[in-house]
Every structure is written in structure tokens, then in C-alpha cells.
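These are my notebook entries on one structure. Each entry records what I looked up and what I found.

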Amino acid sequence: MLTPGKYTYITKNCLFCDGTDEKTHPILYKKNFKDEDLNAEIFSARRTTEHFHYDMVKCEKTGLIFSRHILDDDTLNELYKGSIVTFGEQTEFIKRDYWAPIADYVKKWNKGKSLDIGCSNGFFLEVLKDNGYEGVYGVEPGVEPKTIARADIRDNIHTGFYGAGLYPDNSFDLVTCFQTLDHLSDPLGMLKNMYNSTKPGGHAYLIMHNTLARQAKVFGEKSPIIDVEHIYLFNKENLPMLCKKAGFKVVSVFDVKNGYPLNYWIRMSPLPLKKLWIGLAKALGMYNKVFAINAGNMGIILEK
């Protein structure tokens, strides 16, 4: 069990220069929470952020933003195990937005076995199976998500953490990973494991936040991506560098457009006076109207 106020912290270095000195990695934002502020709900996907974050620094050479002192892996693992699914009503929108960038690519790819890392309730496994993939598998640390997964894919979800040895090398034609790499204390290790899991000629597809996106620049520390869940944050220049370091060839890097009802955008944004904005949206009949925008996410397609 976790005991508030008694967490163990470890120091993380830059993924490229292996440094963490303040001269070349100045602090962007100082840590702003206490141990007792943390719980499993805070480590659940797509919640409204409390804007808690560690000391966050920036590598002046590569632009990599990362948390310098973080909770140790045992503590993080325990918190993620208790995470819950909080985005049920947005599932169909997410499925559409994540599938769209690879829909044309998949027409030319082998639709054999696929693996989704951090698969939550298996929503993207549903998409892959419904679009012809013969075998769909997922890995999810949270206990609850598997219980609400679609019946025909539930048994193919492994409750736990993805790592070396979980599956044989060269097993999958497609490996996907959405909004997960930036949560890891060792993203390069994850990418290397993904490379090993992918068949020769197979592909990997990732989506995550982009620190050079407009919303990140406008909102700064109040951006939803500045959050205690995020250990390493990337952009469209340094993410391909890391993927190549893991052995992959980069096929494409692109912005990902997201379409959600206006009420979701208001809830997730750092706007002040949210009740006023919600009331205005309802008065104008736009509360449930769907708007598709570039909200600061990027995707990358890789090949082994």
C-alpha cells in the first residue's frame, strides 16, 4: 500500500545528452504539489487536470521537456493500477480520430496480429478488429478497464505492464501506443521493446502531446500537458530522433486533429469562469456541437 508523505523520488536525465544540470536544462516550472495530494484518480486518463507537476526542465539543445525528480516506478505502478476510465462518452470520437491518420496506410499493410500498449478498455482494439485485423491484443495496467472491454476482445487484454519478454519478438504486424510514451520513466526502453515486438516490415503508430503546439505555447504552465503524469514531453523534431535511436525508420510525423463536443473542450481547457462558458454554450445551442481542431497532439508512423 502507498503511504502519503512517504514516497520515494528518483532523478531522471535527458534522453539525448544524458544530462540534467541546470545550466543546460533550466527549470521551466517548479514542483507544486505535496505527496498527500496524489491518488489513483489523478493518474486516470482524460480527467480535468489539477495542474500538479514535478520540477519540469528543458534541454536547451533538443527542446526535450522532462520532469527532473519523479516518483519511483513502484509508486507509479501502484497509482496506475488503480486508475479508472473517465472518457466513456468520448470513446467514439477518439476511435474516429485515432483511426483516420492510418486508414489509407492500413490498406497496404498486412492485417495480421496487432498490439495496443496502454489500451484502456480496448477501444482501439475494437477499431482494428472491425477493420480486418485477425488478432488484436492489448496491455493495460489499470484493473478496471478490462472489466468493461467489449466481450470479444476482453480475454486478449493483459492486465499489467508491457515490457521485455511479455510477448515473443517479431510477433506483431502493428504495435500502437496512444498518449502513453510521455507517462513513462524510460520511454526509450519502451520504444526498443516495441521494436522487438514488431515483425520485420511491420509498423508502429503512436500519438502524444506536442510541446511546440499552439495551445502549449499559449497556456504555458496552465496547459493540460503540464501535469504530474507526464515525465517526458516531446515535439515533432525530437520524437523522431528518439524513435530512430530505438531502431525504427520514420514513415511520417503529423498533427492529429481531434473532434469533440464543445462541452468537452470547455471542461478540459484552462479557461477561467468555466460555468459562464458552459452557460453561454447552452444558451447558444452549441453545448453538444462537435468541433474538430488541432488541439496539440501529434502522431508518428514507424517501420521496422
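Entry 1: I began with leucine 276, which lies in helix H11, residues 274-283. Helices here are DSSP runs of H or I with at least four residues, strands are runs of E with at least two, and both are numbered from the N terminus. The model is a predicted one, in which local features need pLDDT of at least 70 and side-chain atom pairs count only at pLDDT 80 or more, while totals for chains, interfaces and linings use all residues. Residues are numbered from 1 along each chain as its sequence is written, and side-chain values use heavy atoms, with hydrogens and water left out.

Is leucine 276 buried or exposed? I found leucine 276 exposed, because its relative accessible area is 58%. I take buried as under 20% relative accessible area, exposed as over 50% and partly exposed as in between, with a 1.4 Å probe and protein chains only. Leu276 also belongs to a nonpolar surface patch of about 610 Å², together with Leu271, Leu273, Trp277, Leu280 and Leu284. Patches are made of residues with over 30% relative accessible area and no salt bridge; like charges are joined within 9 Å, and nonpolar side chains (Val, Leu, Ile, Met, Phe, Trp, Tyr) within 5 Å. The areas come from the Shrake-Rupley method with a 1.4 Å probe, and for residues only the protein chains shown count as cover.

**Entry 2: salt bridges.** How many salt bridges does the structure hold? I recorded 10 salt bridges, each being a side-chain nitrogen of Lys or Arg within 4 Å of a carboxyl oxygen of Asp or Glu.

Lysine 107 is exposed at a relative accessible area of 67%, and aspartate 104 is exposed at 54%.

Another pair joins lysine 129 to aspartate 152, with 3.2 Å between the closest N and O atoms. This pair links distant parts of the chain, since lysine 129 sits in helix H4 (residues 123-130) and aspartate 152 in helix H6, 23 residues apart. Both partners are partly exposed: lysine 129 has 35% relative accessibility, and aspartate 152 has 38%.

I also noted lysine 236 with aspartate 255, whose closest N and O atoms are 3.3 Å apart. Here too distant parts of the chain are linked: lysine 236 is in the loop between strand S11 (232-233) and helix H9 (238-245), aspartate 255 is in strand S12 (residues 249-261), and the two are 19 residues apart. Lysine 236 counts as partly exposed at 33%, as does aspartate 255 at 42%. Salt bridges with shared partners join Glu92, Lys95, Glu126, Lys129, Asp130, Arg150 and Asp152 into one network.

**Entry 3: helix H4.** Why is H4 largely enclosed by the rest of the structure? I found that it is so because six of its eight residues are buried. The buried residues of H4 are Phe123, Phe124, Leu125, Glu126, Val127 and Leu128. Just after H4, glycine 132 takes a positive phi of about 105°.

**Entry 4: positive phi outside glycine.** Aspartate 18, although not a glycine, has a positive phi of about 65°. Aspartate 18 lies in the loop between strand S1 (9-11) and S2, and is exposed at a relative accessible area of 55%. Glutamine 179, also a residue other than glycine, has a positive phi near 50°. I placed glutamine 179 in the loop between strand S9 (172-178) and helix H7 (187-197); at 16% relative accessibility, glutamine 179 counts as buried.

**Entry 5: alanine 149.** Alanine 149 lies in the loop between helix H5 (144-147) and helix H6 (151-154). I found alanine 149 buried, with a relative accessible area of 2%. From alanine 149 to leucine 181 I noted 32 residues in sequence and 22 Å in space, C-alpha to C-alpha.

**Entry 6: the second largest pocket.** About 240 Å³ of space lies in the second largest pocket. Of its 16 lining residues, Leu28, Lys58, Ile65, Thr211 and Leu212 are the closest to its centre. Strand S2 (27-29) and helix H8 (214-219) are the elements that give two or more residues to this lining. A pocket is an open set of points on a 1 Å grid over the protein atoms alone, where a 1.4 Å probe fits, with protein on both sides within 12 Å along at least five of seven lines; lining residues have an atom within 4 Å of a point. Grid points are joined across faces, edges and corners, and the volume is the space filled by probe spheres set on them.
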